[in-house]
Amino acid sequence: MQTAIPCSIMRGGTSKGLYFLASDLPSDSSKRDELLLHIMGSPDTRQIDGLGGAHPLTSKVAIVEKSTRANTDVDYLFLQVVVDKAVVSDTQNCGNLLAGVAPFAIEQGLVNANEKTTDVRIHMLNTAASAVARVQTPNGKVRYKGEAEIDGVPGSAAPITLDFLDIAGANCGALFPTGNAIDEINGYSITCIDNGMPVVILDASEFGLVGDESPNMLEDNEDLKQKVEGIRLIAGEKMNLGDVTNKTIPKMSLVSPAKNGGVINTRTFIPHRVHEAIGVLGSVSVASACVLKGTVAYRYANQNFSDGEFDIVVEHPTGQFTVEMQVSGVTQLSTYKIHRSALLRTARLLMVGSAMA
């Protein structure tokens with residue numbers, strides 16, 4: 001006999017996933033993961049017998065509960081359900097699904113909405129970092145329709161601003177976990193950085209790439225994929241992540257000169273498929289590397305930065321991503337400090353109902 005488990009399906013940023021209240025899932029993590037694999041239809045490249053979308057960007061889960069922490073409204077756990085393996089990973093945050101957490105929390109009665117806008121303070125359990133999401137709530141109801149547009153999503157929706165707090169080194173223990181602005185692995189220049197998402201930044205030209213290749217072209221390049229994965233496995237150890245063979249971090253971002261007026265261009269392995277855009281926190285990490293002299297990203301950043309506030313436009317396969325930053329000490333790694341990282345996302349509630357298991 002099947003069991004009905006309440007859930008919502010939401011688009012958050014350029015991703016889509018299932019949102020659950022923690023109280024509706026098993027408290028034992030192994031039983032919870034077994035259940036989620038069944039619900040999503042993994043392992044199967046089509047996820048034909050589940051609710052997954054047969055791609056890492058649409059095989060995601062957000063678990064939300066009211067927080068007992070001071071100055072925090074809700075706790076959010078992100079889980080990546082691997083499409084073709086019986087693996088559920090909690091080793092990273094997801095800034096795209098994060099965009100849906102505040103609307104979900106309000107819809108579920110975890111947070112009381114204000115008359116115009118509502119700020120929801122979110123603790124990200126994966127890395128113990130925090131963010132504040134501002135949602136439009138006219139008359140105390142979440143607004144999804146609006147004029148905000150984000151690349152990689154058709155149409156427009158109501159804006160959701162995400163302000164990240166203390167995310168530097170959230171996964172690896174330091175913003176530059178190797179202690180260097182640049183390292184070399186297997187003969188390739190790399191920059192290892194973690195401003196909310198562990199990312200290894202690679203110079204596309206060193207791999208014989210222009211940098212504007214399509215995700216499909218990169219995924220079809222077996223030699224490239226082997227080289228990138230070889231670097232990832234070594235970099236993971238250097239970034240204090242241990243053996244990353246079966247982990248979804250670090251992400252691998254190939255950078256090149258901006259093509260459409262941005263600061264830098266990217267193509268990102270996540271880690272074995274190529275993102276159709278770029279992850280929220282991945283873009284924050286890349287933007288953070290653009291500022292510091294000597295990084296791989298700095299080679300291609302088309303402007304020099306000084307202490308203060310500014311926007312960094314990160315280009316990706318389907319458009320651009322603008323990261324608002326406030327920094328100081330940009331002249332050298334030992335003094336470089338990021339005071340604020342923020343950006344705009346949108347979200348939409350797609351379905352409310354029950355997942356059958």
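The legends below describe close-up views of a predicted model.

**View 1. The two domains of the protein chain.** In this predicted model, the chain is divided into domain 1, which comprises 4-164 + 346-356, and domain 2, which comprises 183-335. Taken over C-alpha atoms, the centres of domain 1 and domain 2 are separated by 25 Å. To the contact between them, domain 1 contributes 17 residues and domain 2 contributes 21 residues.

**View 2. The interface of domain 1 and domain 2.** About 1400 Å² is buried between domain 1 and domain 2, with 61% of that area on carbon and sulfur atoms. Of the area that domain 1 buries against domain 2, 31% is supplied by Thr 91, Gln 92 and Asp 151, more than by any other three residues.

View 3. On the side of domain 1 that touches domain 2, the residues divide into five nonpolar, ten polar and two charged.

**View 4. The nonpolar cores.** The largest nonpolar core has 92 residues, and those with the most contacts inside it are Tyr 76, Phe 164, Ile 312 and Tyr 336; at least three residues of this core come from each of domain 1 and domain 2. Another core lies apart from it and has 19 residues, including Leu 25, Val 61, Leu 77 and Val 81.

**View 5. The surroundings of Ile 312.** When residues up to four places away in sequence are not counted, Ile 312 touches Val 263, Ala 287, Cys 290, Val 291, Phe 305, Phe 321, Thr 322, Val 323 and Met 325.

How values were computed:
Residues are numbered from 1 along each chain as its sequence is written. This is a predicted model: local features need pLDDT of at least 70, side-chain atom pairs count only at pLDDT 80 or more; totals for chains, interfaces and linings use all residues. Side-chain values use heavy atoms; hydrogens and water are left out. Domain bounds come from an automatic or database domain assignment. Contact means heavy atoms within 4.5 Å. Buried area is the accessible area (1.4 Å probe) that two parts lose on being put together, summed over both. Ala, Val, Leu, Ile, Met, Phe, Trp, Tyr, Cys and Pro count as nonpolar, Asp, Glu, Lys and Arg as charged, and the others, Gly among them, as polar. A nonpolar core is a set of buried Ala, Val, Leu, Ile, Met, Phe, Trp, Tyr and Cys residues joined through side-chain atoms within 4.5 Å. Buried means under 20% relative accessible area, exposed over 50%, partly exposed in between (1.4 Å probe, protein chains only).
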